[in-house]
Amino acid sequence: IVSRDTHPQGTIVNIRGIPLGGEQIQVIAGPCSVETQEQMDLAAEGVVAAGCRMMRGGAFKPRTSPYAFQGLGVEGLEIFQKAARKHNLPIVTELMDVRMLDTFMEHDVDVIQIGARNMQNFDLLKEVGRVNKPVILKRGLSATISEWLMSAEYIAAGGNHDIIFCERGIRTYETAYRNVLDITAIPVLKRETHLPVIVDPSHAGGKAWMVPALAQAAVAAGADGLMIEMHPNPCEAWCDADQALKPQELKQLMDTLSVIAKAV
Ligand code: PEP
Ligand code: MN
């Protein structure tokens, strides 16, 4: 179903009226995690000021340590919606557990994010395949492209064809950055599938100063959009503080991206 052969011209996924996969690149921005109402209100203002049209924020966090902040849970979804709806921003948030799917639907989550650690959680993929909500499928920590395509096929087989691939870097022996952004995956995926491909430069680099270069490279390589971590006060972020852009840095990056997007 996800093969390019089925739709050679490519597919646009419609997210509450915003086209992803068309002429225009779309940028999803926001903090790693939902923390407080004030933080999310300021973040939403930063998203709008930068010219981004969708917002991210995790309420359920897949942390390496069970003792690290795990997210605010359902309260986080409520805070997120309150902040985003003021600006009519669609919300993107991670689903980790099939038991929370109904709650996500009740809270009107606009885009369900399947995180890298769950790319091959096949039961979770089957369940999101049954709902009528766009899904961002992040690449597994060390997943091959064919494994990734098969994971998308699990979602599509259930009837949900609104799938967006998100390259977020893969495991590397290198320690200078968090993951290695697989730029090559962009043209390969664009050839293999008709579905949109976006890039998360934040979890790839792991440092805020690396984000602009990686984001620009992704757009130059043909990505349909980006997902970028931005926090109103990065030093104070409860999660992934090192990689969050400041609102002003996001705005500056957006200006350079529009130039690159026009050139490709
Ligand atoms: C995230 O987007 O906050 C996240 C946890 O990303 P990943 O699943 O790519 O590690
Ligand atoms: Mn994060």
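Helices (H or I, at least four residues) and strands (E, at least two) are DSSP runs here, numbered from the N terminus.

I'm working on a predicted model, where local features need pLDDT of at least 70, side-chain atom pairs count only at pLDDT 80 or more, and totals for chains, interfaces and linings use all residues. Residues are numbered from 1 along each chain as its sequence is written, chains are lettered from A and ligands numbered from 1 in the order in which they are written, and side-chain values use heavy atoms, with hydrogens and water left out.

**D240 and A237.** I started in the loop between β10 and α9, where D240 is found. D240 isn't a glycine, yet it has a positive phi of about 55 degrees. A237 has its place in that loop between β10 and α9. Is A237 buried or exposed? A237 comes out buried, at a relative accessible area of 13%; buried means under 20%, exposed over 50%, partly exposed in between (1.4 Å probe, protein chains only). Leaving aside neighbours within four places in sequence, I get E35 and H231 in contact with A237, contact being heavy atoms within 4.5 Å. I also checked S33: it sits 204 residues from A237 in sequence but 8.2 Å away in space, C-alpha to C-alpha.

**N88.** Another non-glycine with a positive phi, about 60 degrees. N88 lies in the loop between α2 (74–85) and β5 (91–94), and N88 is exposed, with a relative accessible area of 54%.

**Helix α8.** Which residues of α8 (211–220) are buried? I find V211, A215, A218 and V219. Seen down the axis of α8, these fall within an arc of 95 degrees, so they line one face of the helix; the arc is taken over directions from the helix axis to the C-beta atoms. An α-helix has 3.6 residues a turn, so residues three or four places apart point the same way. The cover over the buried residues of α8 includes α6 (185–192), β9 (197–199), α7 (201–205), β10 (225–229) and α9 (247–263). Just after α8, G222 takes a positive phi of about 105 degrees.

**Whole protein.** I count nine helices and ten strands. The C-alpha trace spans about 45 × 40 × 40 Å along its principal axes. Of the 264 residues, 53% count as buried.
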